[in-house]
Amino acid sequence: MAEPVKLFQYNTLGALMAGLYGGSMTIGELLKYGDLGIGTLDSIDGELIVLDGKAYQAKGSGDVPEVVEVSDDVTVPYAAVVPHQAEVIFRQRFEMTDEELEKRIESYYDGENLFRSIKIHGEFSHMHVRMIPKSTSEKKFAEVAVSQPEYHADNVSGTIVGFWTPEIFHGVSVAGYHLHFISEDHTFGGHVMDFVIKEGIVELGAVDQLDQRFPVQDRKFLFAKFNVDEVRSDMDKVE
């Protein structure tokens, strides 16, 4: 019998919305649980992209984003990774917008209440990304998100990684698609806003189990008071 595919998630996206930005798990520990994923870094310093077992940070500080490989001792306040196993693979042979491709992807889903891992490697006519800027807990995520730098690239090759989350898990993660991009030459990347794909290979992975871990040594998390309605509202605004 095959081993179940576990989506490992450290902390919740809702905790970020409430201002809990301190990193409390190392990249080295995180990568033990998966080779594909997304998240953010300590102090919400940019976007985390996990591809083929390596971790990268995309952050914006000027006219172009910066993408760097992340060392094992860097910490994360939130991340999700999976040992990606493609259950469905198809070639996208003609140009589509992100919304059109997502509809095609969803036609392969068997039901609506399971997580999916997503990997799209291809050529993109246009890629639009943003990244959360570094901040302290004095500012709520929704306030920080107002000043997120956004970047555009045309005719870029690279890989989209991320997850599709069922509506019933909104708050644990964001319902629907949460995708990050990294270019093939590792010079461009971030949280995907929208894109147009020319052609590429799309992989959809099954997720059998959710392994949800919490920062149990973090007293700020243990004693934080969450306003659930406010958290959901902020997630809708920024994601």
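Predicted model: local features only at pLDDT ≥ 70, side-chain atom pairs only at ≥ 80, totals over all residues.
**Exercise 1. A residue in a loop**

Solution: 

**Exercise 2. Reading a sheet**

Task: Work out the strand order of the open sheet of seven strands, and say which strands stand at the edges.

Solution: 
- Step 1: Reading across, the order is β6-β5-β4-β3-β8-β1-β15, with mixed pairing.
- Step 2: β6 (65–69) and β15 each have a single partner strand, so one side of each has no neighbour in the sheet. These two are the edge strands.
- Step 3: From one strand to the next, the twist averages 15°.
- Step 4: β5 (residues 54–60) pairs with β6 in the antiparallel sense over five bridges, and K59 stands opposite E66 in β6.

**Exercise 3. From Q212 to N11**

Task: Start at Q212 in strand β15, follow its side chain to N11, and describe the backbone and surroundings of N11.

Solution: 
- Step 1: The side chain of Q212 makes a polar contact of 3.4 Å with the side chain of Q9.
- Step 2: The Q212 side chain also reaches the backbone oxygen of N11, at 2.7 Å.
- Step 3: You will find N11 in the loop between β1 (6–10) and α1 (13–17). With a relative accessible area of 4%, N11 is buried.
- Step 4: Most residues other than glycine have a negative phi. N11 is not a glycine, yet its phi is positive, at about 70°.
- Step 5: H186 lies in the loop between β13 and β14 (189–206) and is partly exposed at 33% relative accessibility.

**Exercise 4. Salt bridges**

Task: The structure holds five salt bridges. For the pairs K32 and E29, D52 and K119, and E199 and R91, give the distance and the setting.

Solution: 
- Step 1: In the bridge between K32 and E29, the closest N and O atoms are 3.1 Å apart. K32 is exposed at 64% relative accessibility, while E29 is partly exposed at 26%.
- Step 2: For D52 and K119 the closest N and O atoms are 3.2 Å apart. D52 is in the loop between β4 (47–51) and β5, and K119 is in strand β11, so the pair ties together parts 67 residues apart in sequence. D52 is exposed at 56%, whereas K119 is buried at 18%.
- Step 3: E199 and R91 meet at 3.5 Å, N to O. E199 belongs to strand β14 and R91 to strand β9 (residues 86–92), so this pair links distant parts of the chain, 108 residues apart. Both residues are partly exposed: E199 at 30% and R91 at 39%.

How values were computed: Residues numbered from 1 in each chain as written. Heavy atoms only, no water. Pairing = 2+ DSSP bridges. Helix = DSSP H or I, 4+ residues; strand = E, 2+ residues; numbered from the N terminus. Axes fitted to C-alpha atoms, helices over the stretch in contact; angles between N-to-C directions. Polar contact = N/O pair within 3.5 Å; in protein donor to acceptor, adjacent residues only side chain to side chain. Buried < 20%, exposed > 50% of the residue type's maximum accessible area, 1.4 Å probe, protein only. Salt bridge = Lys/Arg side-chain N within 4 Å of Asp/Glu carboxyl O.
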